[in-house]
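Hi everyone, thanks for coming. I'd like to walk you through a structure on the screen, piece by piece, so let's get it up.

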Amino acid sequence: MNKTVTFRIWRTDSNGGGKLVDYTTEITEGLVVLDVIHKIQATQANDLACRWNCKAGKCGSCSAEVNGMPKLMCMTRMDTLNTDKPITIEPMRAFPSIRDLATDVSWNFRVKTKIKKFKPRPPDAPDGTWRMQQEDVDRVQEFRKCIECFLCQDVCHVLRDHHKHEEFIGPRFLVYTAALEMHPLDTEDRLPELKQSQGIGFCNITKCCTKVCPEHITITDNAIIPLKERVVDEYYDPLGWLWKKIRPQG
Amino acid sequence: MAYADTLPPRRKFGQTTRPDAWWVQPLFVFLGFSAFIVYSTWAAFHPLYHGACAYWYGGLHGENGGADYLSPFYSPEFWGTSPHALFGVAPSWWPAFLPAFSPAFLILWIPGGFRFTCYYYRGAYYKAFWADPINCAVGEPRKTFLGERSFPLIIQNVHRYFLYLALVFVVLLSYDAFLGMWFTDALGKKHFGIGVGTIIMVLNAVFIGLYTCGCHSLRHLVGGFLDSKTKAPSCAKTYNCVTCLNTRHMLWAWISLFWVGFTDVYIRLCATGVIHDFVFFKF
């Protein structure tokens, strides 16, 4: 069924600022927000900048804020939105704007380079391979689903509202660190950096990152809190220190 | 140019383009927690009602075959006026300048501290009471943010120690529920039975047990700290059980919070004679 809907889209201006501009267009059944953006781009605003690639929720390119909440535009069906009122489309607010809906997310890639890499134990077999149980890698496989859309970074108030980019790596890279730190083959210790330069203590467990994750990774409960507990083990638990001293080694 | 200067400007408090009623959830959390805090504080300061012990129902009404219910706000009772008291009526060392002694003063800090430092509650009350943030993608009232990496919130790392004490409370509340199955007749003889209060107390122990055993710290301590759980199968099984409860941690947090307050209300009303406990059967 066709319906005329108003979209309120963020447009940047030459001064580096911007404003929300209304576009009215007709939508049909089965469309997603990205389809409508493309339609407006084709028919009303040829210079509208928007990053996209796979249109299947796997490349993480079309991240934006739809009606104020971080979402992938390609995975947001129009029939999930109230089309009786204008629909607001804005760029992510935790990163610098490039133009219109496109943001500069390169900060994330710089952060990633600072995290200690995977350091496996010596190979288990003479041919240089390792042996693992599936059950042991089940936990970290959840974290490998991340498509790096950075919606979790965008909604995290530590980055979005407090601009702690220099002191906090954000939920995406806590998930990345968890995937390495909990890997059964890994031998690296990332806890000192997590506590200090990567600022895990800034997370105050609002679970907004979990709420917006398009891959449904349980970011807070399965990655961040377990890492916080490991930091507690190492730095804040006197009984734990004692136990490490007296427990049988092996 | 500093990176922060390249970012979009901070939004004002409450500023958002979300069209939904984003304020409803923090408002309900605020009202729910506030109601519990106000009631539990009042209950802790009011152990007596017209000379009767309002936190315990049973002995005074024993001639009527009363049960043996002890309010969870007062358990374990170190000093007090019920037969549950371990060390007599009131501690002689209680300073005179403090309010009249209540057994709740000595123990409520433990479940209170456990809930205050709980990972679920932290996220919930940071939003509802401190607006940090008040909800996802909504502007905040303050520019400064210290998080949990410096004083005072660094103290939240003590959570696992409250967990150890809270696990003891699960055992104590289960024992109280067991005592609630024994009814005293006029001759002082004990009879096994089930009353409404018994069921309420059993459910209280169950709900608090489900909440406590789904704790994130417990999940870490029983197996989450291991990278290779197959090397410790018993840890793996326990971890899976705790994980199962942990996925519903918020649900059990709310149910157990409501039910522990309701249990106190029920026992208080029975003890003060406002309502009469209905007994299904007793032998």
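**A walk through chains A and B**

Let's start with a strand pairing in chain A: β3(A) and strand β5 (residues 87–90) of chain A run antiparallel and are joined by two bridges. When I say strands pair, I mean that DSSP finds at least two bridges between them. The helices (H or I, at least four residues) and strands (E, at least two) are DSSP runs, numbered from the N terminus.

A quick word on what you are looking at: this is a predicted model, in which local features need pLDDT of at least 70 and side-chain atom pairs count only at pLDDT 80 or more, while totals for chains, interfaces and linings use all residues. Residues are numbered from 1 along each chain as its sequence is written, and chains are lettered from A and ligands numbered from 1 in the order in which they are written.

Which residue of β5(A) is the bridge partner of Val66(A)? That is Ile89(A). Val66(A) also has a bridge partner in β4(A), namely Met69(A). Strand β3 (residues 63–66) of chain A and strand β4 (residues 69–72) of chain A run antiparallel, with four bridges joining them. The two form a hairpin with two residues between them, and Asn67(A) in that turn has a positive phi of about 50°.

In chain A, five strands make an open sheet with mixed pairing, in the order β2-β1-β5-β3-β4. Which strands are at the edges? They are β2 (18–27) and β4 of chain A, each pairing on one side only. From one strand to the next, the twist averages 35°. For angles, axes are lines fitted to C-alpha atoms, for helices over the stretch in contact, and angles run from 0 to 180 degrees between N-to-C directions.

At the β2 end, strand β1 (residues 3–12) of chain A pairs with β2(A) in the antiparallel sense over 10 bridges. Within that pair, Phe7(A) stands opposite Tyr23(A) in β2(A). Helix α1 (residues 33–43) of chain A packs on the sheet, where α1 touches β1, β2, β3 and β5 of chain A, and its direction makes about 100° with that of β2(A). Contact here means that the C-beta atoms of two residues, placed from the backbone, lie within 7 Å.

Next, the domains. Chain A is assigned domain 1 (3–103) and domain 2 (106–246), with bounds that come from an automatic or database domain assignment. Their C-alpha centres lie 31 Å apart. Across the boundary, 14 residues of domain 1 of chain A are in contact with 14 residues of domain 2 of chain A.

Let's move on to a helix pair in chain A. Helix α6 (residues 170–181) and helix α9 (residues 219–235) of chain A have axes that come within 9 Å and cross at roughly 70°. That makes α6(A) roughly perpendicular to α9(A), a label used for angles of 65 to 115 degrees. Among the residues that meet here are Leu174(A) and Val175(A) from α6(A), and Ile224(A) and Leu227(A) from α9(A). The contact has nine nonpolar, one polar and one charged residues.

Over to chain B, where three strands form an open antiparallel sheet in the order β5-β6-β7. β5 (182–184) and β7 (279–282) of chain B are at the edges with a single partner strand each, so one side of each is left without a neighbour in the sheet. Here the twist averages 45° from one strand to the next.

Finally, how do the chains meet? In this model, 39 residues of chain B are in contact with 45 residues of chain A. On the chain B side, α4 (119–128), α7 (216–224) and α8 (233–246) are the elements that give two or more residues. Of these, α4(B) gives the most, with five residues. The chain B side divides into 14 nonpolar, 14 polar and 11 charged residues.

Key: Angles under 35 degrees count as roughly parallel, over 145 as roughly antiparallel, 65 to 115 as roughly perpendicular and the rest as oblique. Ala, Val, Leu, Ile, Met, Phe, Trp, Tyr, Cys and Pro count as nonpolar, Asp, Glu, Lys and Arg as charged, and the others, Gly among them, as polar.
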